[in-house]
Amino acid sequence: MHVIVVGGGVAGLGSAMVLARQGHEVTVVERDPTPMPASADEAFEWDRRGAPQVRHSHAFLARLVGLLKKDYADVYAALLREGATEMRFGDDLPPTITNFERQPDDDELAMLACRRTTFEWVLRRTAMEEGDVRFHVGTGVDGVLLDRTEQPLRVTGVHLEDGSELTADLVVVAAGRRSSLSDWLQAAGTEPVAEEVEDTGIVYFSRFYRLRDGEEYPPRTGPIGGDLGYLKYGVFVGDNQTFSVTLATPTSDDELRKRLADPATFDHCARNLVATAPWLDGRAEPITPDVHVMAGLLNRHRQYVKDGVPVATGFIPVGDAVICSNPLYGRGCAFAFWGAHLMAEAVATHPDDPTAMLLAYDRALQEEVFPWYRAGVDQDAEARRVAAALLAGEDPDGDATDPRTFMRSVFRDGLVPAMRSDAVVLRAFFRSFNLLSTPDAMMKDTDVSARVLAAWQDRENRPPEPPMGPAVRAELVALLPV
Ligand SMILES: Cc1cc2nc3c(=O)[nH]c(=O)nc-3n(C[C@H](O)[C@H](O)[C@H](O)COP(=O)(O)OP(=O)(O)OC[C@H]3O[C@@H](n4cnc5c(N)ncnc54)[C@H](O)[C@@H]3O)c2cc1C
């Protein structure tokens, strides 16, 4: 069949590649006029205004790595050849963990250290080399074509911004977080698409660096980030001797938002945070002159199938166009690639029945991906509550009868210390973080819960956990250059 893929980001490229390998003819329509770079460093300078997050830190989780290794070993090998590296669970454990024994399924617990631009460049190159993938770049899609003689109404192609039209047997919409698919469908005559939108409550600040000649990354046995309540932060290893630092402030913190956008202030702040300080001790120099800032970060779920009824057929939404999640959890690219995979399975199972195809895809997405989205939304609601209390100078744990106070205490005085000393707990956490278990797997694992609770019950018998930076916001603000 001929498939149009709208959008050439991770979801679109993943979709194009997997569909081409299934024997379909694919046309990718990407609005950004993007000549192919020749190297990872050129890709970092890519003009990708349609996906501005490409110059923010990206973690590539084990769920995504596993899919690549299993079904796209050539892509994975190309990523490693272009300078990405694998980070395996067990390789850089803190010295306080003494009970680590490699388990058979630790092999699947590997993340990829890579800049997002490098990842996308390698994916694009591979998709371009597939025989049956054509790229139509520089013009966006601005509408869909509908066949009104069918019920449900059926998408038969797309309308482009230059006035032309392309027809297809299937339209995969991978147009990212700002996808207009719902509007296009409604403008063409379908019922409105329901959507759930929740603000993540954060603004992202990222800057990239490269190690100077002869320098090395600091030991990676320590923490790679921290959550101070009023500021979340992390360091991300990239490819080819690069790394990036991301700071995230609450959207309501106007002062920090303004000040951290200044590169010198950003670096100074990172030097005063425990996990990032060793990285900015002079061993590296910035490769982004500016700090990249991104606001408007939303959790968004668009329901193209509601109560088992599709709003139309002949299309499948993949990636951020259907489920867009808080970047802090690093799940978006895994969701996008995983979604492309589920889409291709539905296409293979129901090639001649567009309704069954969309319903099968949606069911799989709801079962496998959506629970992670929901867990993130719940976590964000709690993080927003804590940040608002701290900004107002209140104690977020002031109400001892609030179950959330107890949960925060178990997290802070049980889970965090247990992860520093117990490989069993750390492994369970990493499996969950990397989307290899289920969102409630840790809580349901009686062995892991018992270990966490034992650490919590022992909290009075050990010194408090070392802070990951200034405990109070005012302390950090006082440290920043005026
Ligand atoms: C600040 C930030 C940090 C993030 N960090 C991480 C992370 O650490 N790990 C992780 O896995 N994920 C992360 N994500 C999420 C991740 O970037 C996205 O989930 C992922 O890019 C989704 O892929 P996509 O293909 O759906 O969308 P995108 O990658 O955004 O691609 C959409 C593409 O569609 C094109 N397009 C849009 N409209 C049209 C149109 N009308 N016609 C033609 N083309 C169109 C755009 O130009 C773009 O190329 C982060 C996101 C943000 C915002």
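Two residues are in contact if their C-beta atoms, placed from the backbone, lie within 7 Å. Helices (H or I, at least four residues) and strands (E, at least two) are DSSP runs, numbered from the N terminus.

This is a predicted model: local features need pLDDT of at least 70, side-chain atom pairs count only at pLDDT 80 or more, and totals for chains, interfaces and linings use all residues. Residues are numbered from 1 along each chain as its sequence is written.

**Exercise 1. Describe how α1 packs on α9.**

Step 1. Take the geometry. The α1 and α9 axes come within 8 Å and cross at roughly 35°. Axes are lines fitted to C-alpha atoms, for helices over the stretch in contact, and angles run from 0 to 180 degrees between N-to-C directions.

Step 2. Take the hand. α1 and α9 make a right-handed crossing. A crossing is right-handed if the near helix is turned clockwise from the far one by less than a right angle, and left-handed if anticlockwise.

Step 3. List the residues. From α1 come Val-10, Ala-11, Gly-14, Ser-15, Val-18 and Leu-19. Their partners in α9 include Cys-333, Ala-336, Phe-337 and Gly-339.

Step 4. Sort them. The contact holds 11 nonpolar, 4 polar and no charged residues. Here Ala, Val, Leu, Ile, Met, Phe, Trp, Tyr, Cys and Pro count as nonpolar, Asp, Glu, Lys and Arg as charged, and the others, Gly among them, as polar.

**Exercise 2. Is Pro-327 buried or exposed?**

Step 1. Locate Pro-327. The loop between β21 (323-324) and α9 (332-349) holds this residue.

Step 2. Count. Pro-327 has 21 C-beta neighbours inside 10 Å, so Pro-327 is buried (20 or more other C-beta atoms within 10 Å; exposed if 12 or fewer, partly exposed in between; C-beta atoms placed from the backbone).

Step 3. Find its contacts. Beyond neighbours within four places in sequence, Pro-327 touches Gln-53, His-56, Tyr-204, Leu-297 and Gly-332.
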